[in-house]
Amino acid sequence: NIDIAKFKTSLKKRINRQSIAKIINNKSFWKYDFYVNNFVLDPRPETELIIEQVLNIYKNKNLKLKILDIGTGSGCIAISLAKEFKNASITAIDISKKALEVAAQNSKIHNCVNQIQLMHIDFKNISSKFDLIVSNPPYLSKDQFNNTDPEVKNFEPELALVGGDDGLKFYREYSNTLYNLMNKKAYFVCEIGVNQRQDCEEIFQNSGLHLSNIVNDLQGIERILSFSKI
């Protein structure tokens, strides 16, 4: 039986250009379904490349990795990594309390509560060291955000999308900070926006981190950068 009232409400939301994921509060990522709402980004297929890249770096899934996920949002990256690396302990941070509530809900759904510590903190205030740092930071410029589809502009959190005026704010902050958060043979794996690879390479030039790998997404766009500690 179709709930006609619910169908009409959903249809109206879709006509207003709300994404289907936001209407049904559910989005698939990696091998799992995640709860999403307007306080978090809908997980994107290209972000799954972060998980793939980490699996390429660490072939042994039994490692007791210490992982930091910066800007965890729905928690999809942290949870997917927790499922792949059962012995890993993961710190997932966000500056949005509302996003962390979503991550906490997903963490419960996927039975990762013991593996993932959620923290409402800016990465600049973290003092531990990690074997792996992952991040899908906000990387749109103000202009790019203003020109995105209504699905994004009206229903996704600007906080999770805009990286300062030129979209590169977080990479600059990372290049100044991450070296000190990384253990000796640690890696940093992050997503970047369209045509940002060269800028990011320059930004990280004097960071003590070495760009070790670039992964293209299905459209051939340079999308995932891996840095190793020199």
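This is a predicted model: local features need pLDDT of at least 70, side-chain atom pairs count only at pLDDT 80 or more; totals for chains, interfaces and linings use all residues.
Student: Why is H210 called partly exposed?

Tutor: Buried means under 20% relative accessible area, exposed means over 50%, and partly exposed is in between, with a 1.4 Å probe and protein chains only. H210 has a relative accessible area of 41%, so it counts as partly exposed. Its place is in strand β8.

Student: What makes β8 a strand, and which strand does it pair with?

Tutor: Strands are DSSP runs of E with at least two residues, while helices are runs of H or I with at least four, and both are numbered from the N terminus. β8 covers residues 209-216 and pairs with β9, residues 222-229, in the antiparallel sense. Two strands pair if DSSP finds at least two bridges between them; here there are 7 bridges, so the pair qualifies.

Student: What makes N25 and W30 worth a look?

Tutor: Each has a positive phi of about 55° although neither is a glycine. Most residues other than glycine have a negative phi. N25 is found in the loop between α2 (20-24) and β1 (27-29), and W30 lies in the loop between β1 and β2 (32-34).

Student: How do you know whether W30 is buried or partly exposed?

Tutor: The relative accessible area of W30 is 22%, so with the buried limit at under 20% it counts as partly exposed. N25, at 29% relative accessibility, counts as partly exposed too.

Student: Why is α4 described as largely enclosed by the rest of the structure?

Tutor: Because 8 of its 9 residues are buried. Those buried residues are C76, I77, A78, I79, S80, L81, A82 and E84.

Student: How do you know that β6 is largely enclosed?

Tutor: For β6, 5 of the 6 residues are buried, so the rest of the structure largely encloses it. As for its partners, 4 bridges join β3 to β6, and the two run parallel. In that pairing, I70 stands opposite S135 in β6. β6 and β7 also pair in the parallel sense, over 5 bridges, with I133 standing opposite F188 in β7.

Student: What makes a set of residues a nonpolar core?

Tutor: A nonpolar core is a set of buried Ala, Val, Leu, Ile, Met, Phe, Trp, Tyr and Cys residues joined through side-chain atoms within 4.5 Å. The largest one here has 33 residues, of which I133, Y171, L178 and F188 touch the most other members. β7 gives the most to this core, with 4 residues. A second, separate core of 28 residues includes V54, Y58, C76 and V189.

Student: Which residues does I133 contact, leaving aside neighbours within four places in sequence?

Tutor: I133 is in contact with L68, I70, L178, L181, M182, Y187, F188 and V189.

Student: Why is a space called a pocket rather than a cavity?

Tutor: On a 1 Å grid over the protein atoms alone, a cavity is a set of points where a 1.4 Å probe fits but cannot get out, while a pocket is an open set with protein on both sides within 12 Å along at least five of seven lines. The largest pocket has a volume of about 600 Å³, a volume being the space filled by probe spheres set on the points, which are joined across faces, edges and corners.

Student: Which residues line the largest pocket nearest its centre?

Tutor: Of its 37 lining residues, G71, T72, D94, P138 and A160 lie nearest the centre, and a lining residue has an atom within 4 Å of a point. The largest share of the lining, 4 residues, comes from α8.

Key
Residues are numbered from 1 along each chain as its sequence is written. Side-chain values use heavy atoms; hydrogens and water are left out. Contact means heavy atoms within 4.5 Å.
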